[in-house]
Number of protein chains: 2
Amino acid sequence: MNIQEIQLASRPSGTPTTDNFSFVDRKLPNLQDGEVLVKNLWMSVDPYMRGRMIDQKSYVAPFEIGKALEGGAIGEVIESRNTDFPVGTNVSSMFGWRSHFISNGGGLTQIPTTLLPLQSFLGIMGMPGMTAWTGLFRIAELKPTDTVFISAASGAVGSVACQIAKMHGCTVVGSVGSDEKEALLKELGVDAVINYKTAGNLSDALAEAAPQGIDVYFENVGGEHLEAALNNMNDYGRIAVCGLISQYNATEPQPGPSNLAMVIIKKLKIQGFIVFDHWDHYKEFAQQMGQWIAEGKIKWEETVYDGLDKAPEAFIGLFEGKNKGKMLVKL
Amino acid sequence: MNIQEIQLASRPSGTPTTDNFSFVDRKLPNLQDGEVLVKNLWMSVDPYMRGRMIDQKSYVAPFEIGKALEGGAIGEVIESRNTDFPVGTNVSSMFGWRSHFISNGGGLTQIPTTLLPLQSFLGIMGMPGMTAWTGLFRIAELKPTDTVFISAASGAVGSVACQIAKMHGCTVVGSVGSDEKEALLKELGVDAVINYKTAGNLSDALAEAAPQGIDVYFENVGGEHLEAALNNMNDYGRIAVCGLISQYNATEPQPGPSNLAMVIIKKLKIQGFIVFDHWDHYKEFAQQMGQWIAEGKIKWEETVYDGLDKAPEAFIGLFEGKNKGKMLVKL
């Protein structure tokens with residue numbers, strides 16, 4: 001049968017453009033014994049994918065030019081020669097960016113039957129939700145008395161981190177890039193919101209939003225945000241470094257914060273993490289998150305682009321702040 | 001009686017000069033009940049003191065202009081109206097930079113009677129030795145299989161850190177600023193030494209010195225050293241930030257490393273620390289260090305300036321790399 005996939009046509013320099021992607025038709029062979037055919041229903045685009053478009057060593061291998069991209073996806077088994085995954089099974093995989101794929105079962109995870117929409121397993125119940133939970137509890141050792149600063153606070157990870165920290169009893173300050181996102185965060189109960197595009201000096205704005213200082217910084221952005229956070233951290237503060245989206249499209253090395261001496265003066269801990277390293281705690285997360293959702297304690301937003309061919313646009317939109325909450329493509 | 005002290009005459013801009021200090025004669029009152037008169041025998045100069053010469057909030061209050069400076073010192077009680085500290089007692093205190101001082105016993109610690117030279121309690125058995133031990137074990141969680149990079153490796157802290165890491169079974173790479181210091185480190189058994197002044201690209205030099213990568217970086221310097229370390233860290237590496245001497249005299253903010261993304265890519269932990277926070281572990285340190293010294297397993301160097309009036313010169317010399325091991329002033 002014929003399927004469609006999106007391949008990396010060329011490595012982006014700076015912000016990706018649609019020219020870096022190509023939409024390709026290709027033929028799949030017939031199923032062998034043990035194999036299943038999966039039709040993708042939803043796919044995820046995430047900022048970390050930008051790193052894989054560069055040809056350099058990182059925690060995952062770079063994407064190859066002329067091959068389909070990869071990323072989180074939810075699909076349905078539509079043909080099966082594998083009894084573990086009968087027709088009709090919903091599965092998550094990293095085989096996004098394509099309409100269909102064949103698998104021998106490797107890399108497929110069956111999605112439990114719940115009342116939640118399927119695509120929530122790419123968002124609140126999936127990687128972004130787990131990232132927020134991991135960064136706060138397993139890296140930043142969140143305490144109820146903490147004041148927490150969260151950058152990119154209306155994003156898929158940030159908006160969940162804000163709500164988890166509020167439920168834990170913390171005071172939460174978020175930074176966003178538009179008035180609309182500011183309003184969204186206030187609806188979520190965040191104590192103070194900074195629009196970094198209009199706030200002027202970010203360090204001063206943060207000092208005003210959190211006069212008591214910051215105990216935990218959930219870092220998604222880098223650059224000025226990190227500098228502002230360092231200036232406003234309290235002694236023994238913890239910085240969980242989840243992402244540095246301000247730097248992903250930089251064509252030249254960006255200088256780090258000029259106030260790193262704060263790390264000594266305030267005895268800070270800065271720790272980077274990758275959620276996949278913590279996946280053995282997924283069950284613990286899912287149980288807790290499932291309960292919060294069931295109790296109506298947590299909300300989430302989705303920004304949905306329609307059709308596989310819109311995936312490059314959705315991905316590029318991440319760097320232009322076009323998403324509220326989780327950015328998704330519906331196939 | 002008349003005593004001499006060195007006061008802060010003005011706050012330095014950039015590298016301190018002797019003009020920033022004044023040598024002052026002044027009169028001490030007679031002893032009251034409960035007080036002792038201490039004659040200082042040795043005093044310490046340390047890079048961290050530079051921070052206290054700036055008028056800004058830090059972990060200790062800034063020095064005041066027109067008042068005596070402060071710093072570690074070893075003295076002898078020469079007059080006593082306090083039975084806890086009879087005449088002849090050797091004490092350590094933070095009342096350096098003066099020939100004598102009066103105390104009611106507060107801030108004095110009696111030095112145990114050992115075969116060690118008195119001034120070792122300002123060096124290997126004192127704050128610098130304890131700093132090396134704390135950074136390696138309590139911050140960087142040193143393991144015998146680690147490859148450890150230590151900057152300012154021939155200094156009071158660095159030279160002890162090198163030897164502790166070697167005794168723990170680690171592979172050790174040190175960086176220094178002269179051939180003479182390089183020779184010294186090789187005598188101490190360090191596996192590879194980089195002279196950063198002649199090495200060219202420091203990141204490449206480190207890659208060559210430690211092709212297996214760095215697991216622990218003991219940071220005393222900052223700037224290019226931190227950037228080189230980040231490039232060469234292994235996954236889950238730990239950076240104990242003890243000092244940033246390359247930046248202490250900067251008159252403008254210095255940009256941080258341009259490769260902070262390594263913190264995520266390699267899942268690194270960067271943690272600043274102040275040895276005074278860990279002083280409740282001093283006994284554990286002193287016992288261990290005393291044993292190493294008794295077994296002849298550890299060596300230390302001293303660079304001694306003679307006379308209180310030479311203290312400013314000794315202090316300024318720290319930033320010019322004039323010390324091998326501990327920089328001391330003998331009064």
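The model is predicted. Chain A and chain B bury about 2,400 Å² between them. Inside chain A, domain 1 and domain 2 bury about 1,500 Å² between them.

**Chain B against chain A: extent**

- The contact involves 30 residues of chain B and 30 residues of chain A.
- Carbon and sulfur atoms carry 64% of the area buried between the two chains.
- Three residues stand out on chain B: B:Ile264, B:Ile265 and B:Lys267. They supply 23% of the area that chain B buries against chain A, more than any other three residues.

- Two salt bridges are counted between chain B and chain A.
- B:Lys267 forms a salt bridge with A:Asp277. The closest N and O atoms of this pair are 3.9 Å apart.
- B:Lys267 also belongs to the trio that supplies 23% of chain B's buried area.
- Eight residue pairs are in polar contact across this interface, both residues of each pair being at pLDDT 80 or more.

**Chain B against chain A: elements and make-up**

- Three elements of chain B give two or more residues to the side that touches chain A: strand E12 (233-241), helix H7 (262-265) and strand E13 (269-272).
- E13 of chain B gives the largest share of that side, four residues.
- By class, the side of chain B that touches chain A has 19 nonpolar, eight polar and three charged residues.

**Strand pairing across the chains**

- Strand E13 of chain A, residues 269-272, pairs with E13 of chain B.
- The pairing is antiparallel and runs over three bridges.
- A:Lys269 has B:Gln271, in E13 of chain B, as its bridge partner.

**Domains of chain A**

- Domain 1 of chain A is assigned to residues 2-123 + 301-330. Domain 2 is assigned to residues 127-276.
- The C-alpha centres of the two domains lie 29 Å apart.

**Domain 1 against domain 2 in chain A**

- In this contact, 19 residues of domain 1 meet 15 residues of domain 2.
- Of the area buried between the domains, 63% is on carbon and sulfur atoms.
- One salt bridge is found across this interface.
- A:Lys324 forms a salt bridge with A:Glu180, with the closest N and O atoms 3.0 Å apart.
- The side of domain 1 that touches domain 2 divides into seven nonpolar, seven polar and five charged residues.

How values were computed: Residues are numbered from 1 along each chain as its sequence is written. Chains are lettered from A and ligands numbered from 1 in the order in which they are written. This is a predicted model: local features need pLDDT of at least 70, side-chain atom pairs count only at pLDDT 80 or more; totals for chains, interfaces and linings use all residues. Side-chain values use heavy atoms; hydrogens and water are left out. Contact means heavy atoms within 4.5 Å. Buried area is the accessible area (1.4 Å probe) that two parts lose on being put together, summed over both. A salt bridge is a side-chain nitrogen of Lys or Arg within 4 Å of a carboxyl oxygen of Asp or Glu. A polar contact is a pair of N or O atoms within 3.5 Å; within protein, one must be able to donate a hydrogen and the other to accept it, and residues adjacent in sequence count only if both atoms are side-chain atoms. Ala, Val, Leu, Ile, Met, Phe, Trp, Tyr, Cys and Pro count as nonpolar, Asp, Glu, Lys and Arg as charged, and the others, Gly among them, as polar. Two strands pair if DSSP finds at least two bridges between them. Domain bounds come from an automatic or database domain assignment.
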